[in-house]
Amino acid sequence: MKHIFCAALIAFAFQAQAEQLPKANAKFAAPKMPLVEMGQLLFFDPILSGNKTVSCATCHHPKFATSDGLSLGVGDGGIGLGPARRIDVRNPPEQRIPRNAPALFNLGAAEFSVMFHDGRLEADATEPNGIRTPLGGDMTLGFDSVLSAQTMFPVLSPDEMAGHYSENDVAQAVRQGVLTGPNGAWDILTNRVADLPEYQSGFANIIGPERPIHFTDISNAIAAFMSFEWRADNSLFDRYLKGDAVLNADQTAGLNLFYGDAGCATCHAGQFQTDHQFHAIGIPQIGPGKAARFERHKQDLGRMRVTGAVKDAYAFRTPSLRNVAHTAPYGHSGAYSTLKSIISHHADPVSSLQGYDLSQAILPQLGSADDFAAHNDRSEQTAIANAITLQAKPLTQQDIDYLIAFLQILTDKTALNGRLGVPASVPSGIPVEN
């Protein structure tokens, strides 16, 4: 009788766990391959940056799991890829990119309706074209999706792709606030693309030979490529959810912790391990943050910058965990360089924030940067700690090892490698970094 009772308890535990597991039912739009192939070229082509030196792939390269392997990237004014990227002394950047470059996996899935760490771009049925953006509703017309609209931000950012002050025509238009319309930043970039025969003929086959190319055609192509290239829903975990695979003992223990006592799934919910919501978890603030450039203390208030609500101070979007074993560093500021360190932070966020080891940050040398000003400001660090809503969950080293074993089965090798890959060349003739 005792053995029967124990077996029943075990069966009940597995049933309860199964009821918490997500369904493997993500929805993706069918790819339009001519648009995807055009997007591949544009994604890797520096023609879309002001100085023609930076492409989307500079900070989102497949070599680094669609990120850049840095805590905070260097866009315009940098040379090279990933952790080896260095400052161009002939044209040094004004500052680092304020936030960690997020991975691009599954952004084409229907559930991804919020973009950026602070969600400043998101689907909103009350706005024109169903998209809300700080740049204004009329600027969303023509974009096929929120993912497509996301591409308008990096090309307008001086730190990322546009360049600074009057060093090129795009940067000058951005500085003057002329973004759309004749001679606006988008118009300048669109004309660059339209002037290249391979792009002109390619878009003619997609939108028709009579209509001129618009910036939104470019962004729609890039979004189509990202959606196709980095769809990641065939990991061991996905196959397990479908009943087509089994897990080993460590992976099972990690899954039980993730969906059980460790409480990870409270925020990292759904097939792609995100609730798409915003939470203050006390990630150390490094780099310039999203503060205004003239502010002495470089803070980053996260979601509060979007909503204006005090309750949203220092809250950031829950990241998806797909291919997370390959997407370090972690956190909105890229403060943590290993899975062990970011999991340990979740276990005791206040202690982790207060005892943060600055050497974990992976940052190219930039002489003008005061990277730890916010973290070393006691009042700012206290404000971040006081905003934390994440409950501490004590974990043993064995627990952390089990959780890492689980996180490793979220890897989709097809998506990690990419489906089309890096093109050998692009229509602009500018060398492709690969």
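Guide: Ala, Val, Leu, Ile, Met, Phe, Trp, Tyr, Cys and Pro count as nonpolar, Asp, Glu, Lys and Arg as charged, and the others, Gly among them, as polar. Keep that in mind as we look at this predicted model.

Visitor: Happy to. How many cavities of 30 Å³ or more does a search of the whole structure find?

Guide: First, the general idea: rolling a probe the size of a water molecule over the atoms shows where empty space is left. Here, the search finds one cavity of 30 Å³ or more. The largest cavity holds about 30 Å³ of space.

Visitor: Which residues line the largest cavity?

Guide: Its lining consists of Gln200, Phe203, Ala204, Ile207, Gly208, Pro209, Arg211 and Ile213. Sorted by class, that lining has five nonpolar, two polar and one charged residues.

Visitor: Next, the core. Which residues of the largest nonpolar core touch the most other members?

Guide: In soluble globular proteins, nonpolar side chains tend to be buried together. In this model, the largest nonpolar core has 62 residues, and Leu42, Phe43 and Leu48 touch the most other members. Helix α9 (residues 215-229) contributes the most to this core, with eight residues. Leaving aside residues up to four places away in sequence, Leu42 touches Leu48, Val193, Tyr199, Phe203, Ile218, Ala221 and Ile222.

Visitor: And His117: is it buried or exposed?

Guide: Buried means under 20% relative accessible area. His117 has 13%, so it is buried. You will find His117 in the loop between β3 (114-115) and β4 (121-123).

Visitor: What does the side chain of His117 reach at 2.9 Å?

Guide: The backbone oxygen of Asn100. Beyond four places in sequence, the residues His117 touches include Arg99, Phe278 and His332.

Notes. Residues numbered from 1 in each chain as written. Predicted model: local features only at pLDDT ≥ 70, side-chain atom pairs only at ≥ 80, totals over all residues. Heavy atoms only, no water. 1 Å grid on protein atoms, 1.4 Å probe; cavity = no way out; pocket = protein on both sides within 12 Å on 5 of 7 lines; lining within 4 Å. Points joined across faces, edges and corners; volume = space filled by probe spheres on them. Core = buried A, V, L, I, M, F, W, Y, C linked by side-chain atoms within 4.5 Å. Buried < 20%, exposed > 50% of the residue type's maximum accessible area, 1.4 Å probe, protein only. Helix = DSSP H or I, 4+ residues; strand = E, 2+ residues; numbered from the N terminus. Contact = heavy atoms within 4.5 Å. Polar contact = N/O pair within 3.5 Å; in protein donor to acceptor, adjacent residues only side chain to side chain.
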